[in-house]
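I set down each item as I looked it up.

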Amino acid sequence: YSRTHDIVFKKLHEVKSSSSSASAADKLGKDMCQLKRVQIPVFSGDKRKYESWKAAFIACIDSAPSTSEYKLLQLRQYLSGEALRTIDNLGHSEASYEAAKERLDRKFGGKKRQVLAFLDELEKFPVMREESAKSLEKFADLLDIVVINLKEAEKFDDLKDGSLYLRLQRKMPETMLTRFNRWIFETRRDESVETLRLWLNQEAKHYM
């Protein structure tokens, strides 16, 4: 009797475990179905957008269980302009797919290149108009992006009170610069790009 009881108990346990696994799998499947499908943008050659485009492409296409030939066809669909011309003369083999990714990385990729692109955009930004909420918000958003990219590139010295900090202040009208300097004195903060970023974000909130 004892042996029979053990066998029955074991079978029941296996059925229960199998049922639990199936239930968990069903739940996971339902959860996955509820997730919104990631949209891959079309990349045309803007170096500022390359890393985010690459992340989406890798997640949705490059990591998928499919042939390199099919992935290359997909890659071409998500490129246009200068980016598409970069890989246009390649074939359709597995080697061609790897070569295409290497070419795109070489021409558009790399943190340093992305940082320089955003710094160039910051340099071209006009001096902010006095009491212009739109101008202030746009400048604060751009500075956010620059700071994040500098941190990711581990260029922490650029976030101190060096040349970038001085260039940023030149984008501010005199009255705004006066308010910023007064705030630094009252809050006893160190002068830096990070401090300016914090103040600009606070100022932008006041206009919302």
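Is the crossing of H2 and H3 left-handed or right-handed? I worked from a predicted model, and in it the crossing of H2 and H3 is right-handed.

**Entry: H2 with H3**

I looked up the geometry of this pair next. Helix H2 covers residues 50–62, and it packs against H3 at an angle of about 145°, the two axes lying 11 Å apart. From H2, I listed Trp 53, Phe 57, Ile 61 and Asp 62 as the residues that make the contact. From H3, I listed Lys 71, Gln 74 and Leu 75. Sorted by class, the contact of H2 with H3 holds 4 nonpolar, 1 polar and 2 charged residues.

**Entry: H3 with H5**

I then followed H3 to another partner. Helix H3 (residues 68–77) packs with helix H5 (residues 94–108) at an angle of about 40°, and their axes are 8 Å apart. I therefore recorded H3 as oblique to H5. The crossing in which H3 passes H5 is left-handed. On the H3 side I noted Ser 68, Glu 69, Lys 71, Leu 72 and Leu 75 in the contact. On the H5 side I noted Glu 94, Ser 96, Tyr 97, Ala 100 and Leu 104. The class count for the contact of H3 with H5 is 5 nonpolar, 2 polar and 3 charged residues.

**Entry: H7 with H10**

I turned to helix H7 (residues 133–152) and helix H10 (residues 193–206), which pack at an angle of about 145° with axes 9 Å apart. H7 passes H10 in a left-handed crossing. Among the H7 residues in this contact I noted Leu 136, Phe 139, Leu 143 and Ile 148. They belong to a set that meets H10 residues including Val 193, Leu 196, Leu 200 and Ala 204. By class, the contact of H7 with H10 has 10 nonpolar, 1 polar and 5 charged residues.

The largest cavity holds about 40 Å³ of space. Its lining consists of Leu 119, Leu 122, Glu 123, Leu 164, Arg 167, Leu 168 and Lys 171. Helix H6 (111–124) and helix H8 (163–169) are the elements that each give two or more residues to this lining.

Notes
Residues numbered from 1 in each chain as written. Predicted model: local features only at pLDDT ≥ 70, side-chain atom pairs only at ≥ 80, totals over all residues. Heavy atoms only, no water. Axes fitted to C-alpha atoms, helices over the stretch in contact; angles between N-to-C directions. Helix = DSSP H or I, 4+ residues; strand = E, 2+ residues; numbered from the N terminus. Parallel < 35°, antiparallel > 145°, perpendicular 65-115°, else oblique. Left-handed = near helix turned anticlockwise from the far one by under 90°. Contact = heavy atoms within 4.5 Å. Nonpolar A, V, L, I, M, F, W, Y, C, P; charged D, E, K, R; others polar. 1 Å grid on protein atoms, 1.4 Å probe; cavity = no way out; pocket = protein on both sides within 12 Å on 5 of 7 lines; lining within 4 Å. Points joined across faces, edges and corners; volume = space filled by probe spheres on them.
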